[in-house]
Amino acid sequence: EPKSWPDFFSEYKNDYRADQTPPSLFALLEGKRIGFLRFRRIVDPIASPLRRSLKTCDISINVAPEHRGRGLGRLIIKSVLPVVRSWGIDSVLAEVKIDNTTSVSMFEAAGFRIFDEIDHLVTDLGIKFAVKRMIYDLTEVVPLFTGKHIIEAGRPEESKFGEGIQH
């Protein structure tokens, strides 16, 4: 069931905006908000001596229902990765419910790779469900992006950076 803004605002302010680095972002299409991205710094989930110093964040994306099914989620994610890299982040984690094949495919199309499956507990609700954990290593393939930016996803063949930032 979709949340209404008045009900969601407290959750947004306390949970999504609690850590100002990295910021939450809106994805725009023709100047209108069509999606929301949330990032949180986390401990790198792949235990390895070579990865100990990596700075990792997780990602959550929500594309407005009327804009789904057009490949915009993949474009938004691919467009924002250089921005995330410019924040000093080395890898990005996505956790997706196993039965959410659309989101799994979207993250795979954006270059994420599945590295394991775990049971995830939502402590507030006491609900446990299986998720695929997917990772994107930014240190190998994503160049640093500097400057002000706004992510705007257009038709599948276009994705561009503009002036300013929405957060």
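**Exercise 1.** In this predicted model, find which residues of α2 meet which residues of α3.

*Solution.* Start on the α2 side: Gly73, Arg74, Ile77 and Lys78 take part. Now turn to α3: their partners are Met106, Phe107 and Ala109. Next, sort the residues of this contact by type. Four are nonpolar, one is polar and two are charged.

**Exercise 2.** Describe how α2 and α3 are placed relative to each other.

*Solution.* First, locate the helices. α2 covers residues 72-86, and α3 covers residues 101-109. Two packed helices are described by the angle between their axes and the distance between the axes. Here the angle is about 40°, and the axes lie 9 Å apart. Angles under 35 degrees would count as roughly parallel, and 65 to 115 as roughly perpendicular. The two helices are therefore oblique to each other. Last, the handedness: α2 passes α3 in a right-handed crossing.

**Exercise 3.** Work out which residues have the most contacts inside the largest nonpolar core, and which element gives the most to this core.

*Solution.* The largest nonpolar core has 31 residues. Phe107 and Phe112 have the most contacts inside it. Elements giving two or more residues include β1 (25-29), β3 (56-63), α2 and α3. α2 gives the most, with eight residues. Now follow Phe107. Leaving out residues up to four places away in sequence, Phe107 touches Ile59, Ile61, Ile77, Ala94, Val96, Phe112 and Met134.

**Exercise 4.** Summarise the whole chain: how many helices and strands does it have, and in what order do the elements run?

*Solution.* Count four helices and eight strands. From the N terminus, the order is α-β-β-β-α-β-α-β-β-α-β-β. Finally, check burial: 41% of the 167 residues count as buried.

Notes:
Residues are numbered from 1 along each chain as its sequence is written. This is a predicted model: local features need pLDDT of at least 70, side-chain atom pairs count only at pLDDT 80 or more; totals for chains, interfaces and linings use all residues. Side-chain values use heavy atoms; hydrogens and water are left out. Axes are lines fitted to C-alpha atoms, for helices over the stretch in contact, and angles run from 0 to 180 degrees between N-to-C directions. Angles under 35 degrees count as roughly parallel, over 145 as roughly antiparallel, 65 to 115 as roughly perpendicular and the rest as oblique. A crossing is left-handed if the near helix is turned anticlockwise from the far one by less than a right angle, and right-handed if clockwise. Contact means heavy atoms within 4.5 Å. Ala, Val, Leu, Ile, Met, Phe, Trp, Tyr, Cys and Pro count as nonpolar, Asp, Glu, Lys and Arg as charged, and the others, Gly among them, as polar. A nonpolar core is a set of buried Ala, Val, Leu, Ile, Met, Phe, Trp, Tyr and Cys residues joined through side-chain atoms within 4.5 Å. Buried means under 20% relative accessible area, exposed over 50%, partly exposed in between (1.4 Å probe, protein chains only).
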